[in-house]
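Take a walk through this protein chain.

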Amino acid sequence: MRLTRMFVPTLREVPAEAEVVSHKLLLRAGMIRQVARGIYDFLPLGVRVLRKVEQIVREELTRAGAQEILLPAVCPAELWQASGRWDRYGKELLRFKDRHDREFCFGPTHEEVVTDLVRREIRSYRDVPLNLFQIQVKFRDEVRPRFGLMRGREFIMKDGYSFHLDREDCEREYDAMFAAYRRIFDRCGLQYRPVEADTGAIGGSRSHEFQVLAASGEDAIVSCTQCDYAANIEKAGIGVPTPAARVEAPAALADVATPGQRTIEEVATFLKLSADRFVKTLLYIVDGSETVVVLVRGDHTLSEPKLKDALGAQTVALAGEAEVEAATGAPVGFAGPIGLVRAVRIVADHALVGISGAVTGANKADTHLTGVDQARDFPDVVAADLRVAETDDACPRCEGRVTLQRGIEVGQVFYLGTKYSTALNATVLDAEGNERPLEMGTYGIGVTRTMAAAIEQNHDDAGIVWPLPLAPFQVVIVPVKWAEERLRTTAQRLYDELLALGVEVVLDDRDERPGVKFKDADLIGYPLRVTVGPRALERGAVELKQRRDADATEIPVDEAVARIAALVREGLAGF
């Protein structure tokens, strides 16, 4: 392809709306343009990158035995109502009505639709296992779309779904998809970590995220320095700490006036104590009805996904002022586990087991309790791992310690069980003629997000540094003066011969200064740049520069095509 025939509107200045590196460079490199907040046009170079991600996904999933389908983007409300997600999914679900006043949504994911398809077509155990996937535009009405393709409203996703007779077979497929995802992200040339994750709005009981490691990542991930344990920070387990040493004669409980001091930070400052001396008391409404008191140490942060797991709950939500006062007899900010107005379940993080000489709310306005001793004052509390992990916490799998990294989630696999098949009555007859709900797994990859994540991980001050498998073109040929016949003829010959060998090559035939051409080549991120200049050509050579290298090397013109094609083959073979 000649650049004079291509639609590549590069920009010299960073657009004001761009925040992260990938957003800035995708705009500057002429790959995307914003239409509305979180919604983008994809220009020719951007489409080429997307198609490469999609092709890798297709090849590896087909290799793993999955079959491609295409489901409707617009989904009827009845299916989402049947699964219970119509109301639970929240405002991210784009709902609308057709001319007949029937309700629909623009699918953010397709568990309901694919389950409906399978329940109408599959009746026997002989028809499973079945693994189906699609690559399609999705829409989630993010409250605050930002960071370009990293957190858009409209995006391209690969979503896959598998159906099985029993859990054992579904777990086998989960592992097969886990392995396929590893191959996909390996072939994309990305550094990533699979991490244990919360299942969120999708549901299910087992999940892993695939996180591309990047300093700009939205997600914090925890990994052990000694073993292969890794998890999203919301899910990351913490080794059970040794109970605090017992005080021989614990101090007596005492009321202390703390007028207007509600938060841990305020009370700690007021009493001149460190936050780790406090018992933070939070009240939650569990599954819409039960009030539960949750305790964590004052310097720790509660993990709501862990709380849900510990309670075996579907939903947890902070209690409102009325619920807090009904359980404690005090306004928000003065709650504690001692002397509650009515009996409620109390759960505490492991770090509070054995704590003494602590401070907590007194369940009285403007009052806190000092001298709190867990074993004496609330001995029957149920202990669980409830807090967000921090650097140097104990690994839950070995004797090591954990460290924190930043990551960008590009894929996730879920074991769903029978959550959707039971709700939608997707059953099969087993070998004994008994009707059984299908076991399900679901598997997603953010195609557009993978494109952005690749840039977040691979860039420099000059622009994008594409991994070879994802680059829009593998090679750019830059004659420094297109008007000069000898340079033009040589560049054209190299271009034609590389094309004939199947190399993806672009010819910069613009009548521009060499500096402009070089800047655009680095900005767009072509892995290989061939410069045809008068001085080197007098010596029978051209310059070859790999995007990741600081310097170019001269190679003979007669060997250039073979050398470049070999570099491309070797580079692709490495992925």
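How many helices and strands does the protein chain have? The protein chain has 16 helices and 31 strands. Both are DSSP runs numbered from the N terminus: helices are H or I with at least four residues, strands are E with at least two. This is a predicted model: local features need pLDDT of at least 70, side-chain atom pairs count only at pLDDT 80 or more, and totals for chains, interfaces and linings use all residues. Residues are numbered from 1 along each chain as its sequence is written, and side-chain values use heavy atoms, with hydrogens and water left out.

Start with the overall dimensions. The C-alpha trace spans about 95 × 65 × 50 Å along its principal axes. Of the 575 residues in the protein chain, 54% are buried. Buried means under 20% relative accessible area, with a 1.4 Å probe and protein chains only. The protein chain exposes about 25,400 Å², an area from the Shrake-Rupley method with a 1.4 Å probe. Carbon and sulfur atoms supply 49% of that area. Now take contacts, meaning heavy atoms within 4.5 Å. Among those between residues at least 6 apart in sequence, 69% join residues at least 24 apart.

Next, find helix H2, residues 44-63. H2 has 20 residues and reaches 28 Å from its first C-alpha to its last. That is close to the 28 Å expected at 1.5 Å a residue; the expected span is 1.5 Å times one less than the number of residues. The buried residues of H2 include Leu45, Val49, Leu50 and Ile56. Lys52, Glu54 and Glu60 are also among them. Gly65 follows H2, with a positive phi near 100°.

Move on to helix H8, residues 304-311. Here Pro305, Lys306, Leu307 and Leu311 are buried. The buried residues of H8 pack against E14, strand E15 (290-297), strand E16 (316-318) and strand E17 (345-349). Just after H8, Gly312 takes a positive phi of about 65°.

E14 leads on to the second largest pocket. E14 gives the most to the lining of this pocket, with five residues. A pocket is an open set of points on a 1 Å grid over the protein atoms alone, where a 1.4 Å probe fits, with protein on both sides within 12 Å along at least five of seven lines; lining residues have an atom within 4 Å of a point. About 430 Å³ of space lies in the second largest pocket, counted as the space filled by probe spheres set on the points, which are joined across faces, edges and corners. Of its 23 lining residues, the closest to the centre are Arg262, Lys280, Thr281, Leu282 and Gly333.

Conventions
Buried means under 20% relative accessible area, exposed over 50%, partly exposed in between (1.4 Å probe, protein chains only).
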